[in-house]
Amino acid sequence: MKNLTLLHLAEACGGICHGTEEQKNRCVAAITTDSRKITEGGLFVAIPGAKVDGHDFIGQVMEKGALAVVSERDLGEVDFPYIQVTSSLDAVRDFGEYYLEQLGIPVVGIAGSVGKTSTKEMIYAVLSQKYNALKTEGNYNNELGLPLTVFRLRDEEIAILEMGIDDFGQMHRMSKVARPDTCVMTNIGCCHLENLKDRDGILRAKAEIFDYMKEDGHIVVNGDDDKLVTLENVKGIRPIRFGLSEQSDVWADNLVTQGLKGITCTIHTEKGSFEAEIPVSGQHMVYNALAGCAVGLIYGLTLEEIKAGIASYETVNGRFNIIETESCTVIDDCYNANPVSMKASLQTLQAGDNRRVALLGDMGELGTTEKELHAEVGTYAAGLDLDLICCVGPLMENLAEAVKKANPAMEVWHFSEKAELIQALPKLLKKGDTILVKASHYMEFTELVNVISEMTL
């Protein structure tokens with residue numbers, strides 16, 4: 001890792017470096033907060049948690065070959081070097097900021113209420129046509145995960161960082177680490193309302209991404225979002241807008257669904273137009289492709305390279321990942337859920353073959369209007385061409401009742417517990433069904449995906 005001596009890291013975080021001069025000038029090979037992932041010559045950052053305190057594993061990681069540790073405690077007379085800090089979490093962020101500064105590569109930061117991961121994957125697919133890129137993996141999109149992602153950088157030419165929040169101040173701190181050259185905003189929807197209160201609050205919190213944006217940076221936003229369209233001039237930078245209207249800088253028309261196999265459209269830019277083949281169905285994927293196109297143009301890709309990147313897009317587990325089994329088609333979209341993404345997934349489910357079945361779980365962090373928002377999704381679902389909706393959880397009862405009220409002919413079931421639904425699945429499902437599985441992450445609906453994938457109908 002470039003220029004990451006213990007002394008440099010201590011200076012970066014304002015910590016005290018303990019050890020001999022020779023030890024202080026050793027370079028760190030890797031940085032981790034997980035004692036199980038320590039490698040030879042690595043730096044272990046001990047973070048105290050609610051259930052597990054990283055300080056308890058300091059002796060263990062040193063035995064595994066760690067170079068040093070970061071500690072909030074005075075470790076006294078020890079035979080290994082360590083950096084003493086006030087806050088280990090703050091130190092991790094400081095390390096990430098310092099390391100990115102040493103690398104000097106462009107950073108694309110992605111924020112928004114819905115679609116951050118799929119947009120990140122699309123931008124990665126596009127930029128990879130020209131650059132050696134690194135992207136956020138899994139759920140490493142929070143205040144701790146962001147710098148841990150940064151520490152994975154080695155020879156990459158560009159970093160694509162997903163940035164998720166649920167309260168004010170978090171994006172500000174992540175922006176300080178990432179200092180993005182390009183800021184992408186997908187949309188402003190109803191999520192994390194417990195802390196952010198309303199969509200205006202969500203916009204303010206997400207807009208903290210601009211706090212440490214580079215002076216000559218770029219801003220890419222969804223021009224069809226009523227909140228994002230109000231961003232007309234940020235630090236003297238005019239946003240590049242994408243959408244389904246000619247009013248946007250990068251826009252699409254001629255949308256034609258190919259069922260669950262994908263969707264095609266014509267994408268228009270100031271550099272020209274091209275026919276795009278998006279290998280995942282849904283209008284939301286067109287927005288992702290447009291964002292990828294806009295970012296690709298910023299970084300000098302040709303339209304042919306952008307087209308190839310869009311066509312190479314691949315889904316990830318839990319993010320509208322289509323699984324073909326011997327009995328049915330499963331749409332694994334159970335990583336997370338909010339009203340906007342739930343509606344988009346239900347709308348896309350209509351493209352499925354044979355019976356179209358939705359297995360839905362509670363959506364979390366919706367604040368005081370959580371019941372009304374579940375009911376709103378239910379009313380929306382009642383107007384779609386679906387055959388069966390099965391709901392799990394106390395909040396989903398509101399969605400089920402709304403469906404029954406708006407469309408009494410639609411078959412709807414509500415279960416208090418996931419186990420009850422699993423027990424009923426053999427009677428509810430039929431061979432050839434297309435089945436959407438979606439809920440907030442805490443509902444652990446991956447279990448449903450696994451059960452259905454192994455069923456014989």
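Predicted model: local features only at pLDDT ≥ 70, side-chain atom pairs only at ≥ 80, totals over all residues.
Before I turn to any one residue, let me say that by contact, or touching, I mean heavy atoms within 4.5 Å.

N288 sits in helix 10, which runs over residues 283-298, and, once residues up to four places away in sequence are left out of the count, N288 touches G115, S118, T119 and M122. Is N288 buried or exposed? Its relative accessible area is 5%, and because anything under 20% is taken as buried, N288 belongs to the buried residues.

Let me now step back to the chain as a whole, which has 16 helices and 20 strands. Its radius of gyration is 24 Å, close to the 23 Å that the globule rule gives for 457 residues, so the chain is as compact as a globular protein of that length. Along its principal axes the C-alpha trace spans about 75 × 55 × 40 Å. Of the 457 residues, 56% count as buried, and, if we consider contacts between residues at least 6 apart in sequence, 64% of them join residues at least 24 apart.

As for the surface, the accessible area of the chain comes to about 19400 Å², with 46% of that belonging to carbon and sulfur atoms. The chain carries 42 positive and 67 negative side chains, and yet the centres of these two sets lie 2 Å apart.

A second residue to look at is L148, found in helix 6, residues 145-150. L148 has a relative accessible area of 15%, and therefore it too falls under the 20% limit for buried residues. Which residues does L148 contact, leaving aside its neighbours within four places in sequence? They are I31, T33 and Y140.

Finally, the aromatic rings. The structure holds one aromatic pair, formed by W413 and F415, whose ring centres are 6.4 Å apart and whose planes make an angle of 10 degrees, an arrangement that counts as stacked.

Methods. Residues numbered from 1 in each chain as written. Heavy atoms only, no water. Helix = DSSP H or I, 4+ residues; strand = E, 2+ residues; numbered from the N terminus. Rg over C-alpha atoms; globule rule 2.2 N^0.38 Å. Buried < 20%, exposed > 50% of the residue type's maximum accessible area, 1.4 Å probe, protein only. Areas by Shrake-Rupley, 256 points an atom, 1.4 Å probe, with all protein chains shown as cover. Lys, Arg positive; Asp, Glu negative; His and termini not counted. Charge placed at Lys NZ, Arg CZ, Asp CG, Glu CD. Phe/Tyr/Trp six-rings, centres within 6.5 Å; stacked < 30°, edge-to-face > 60°.
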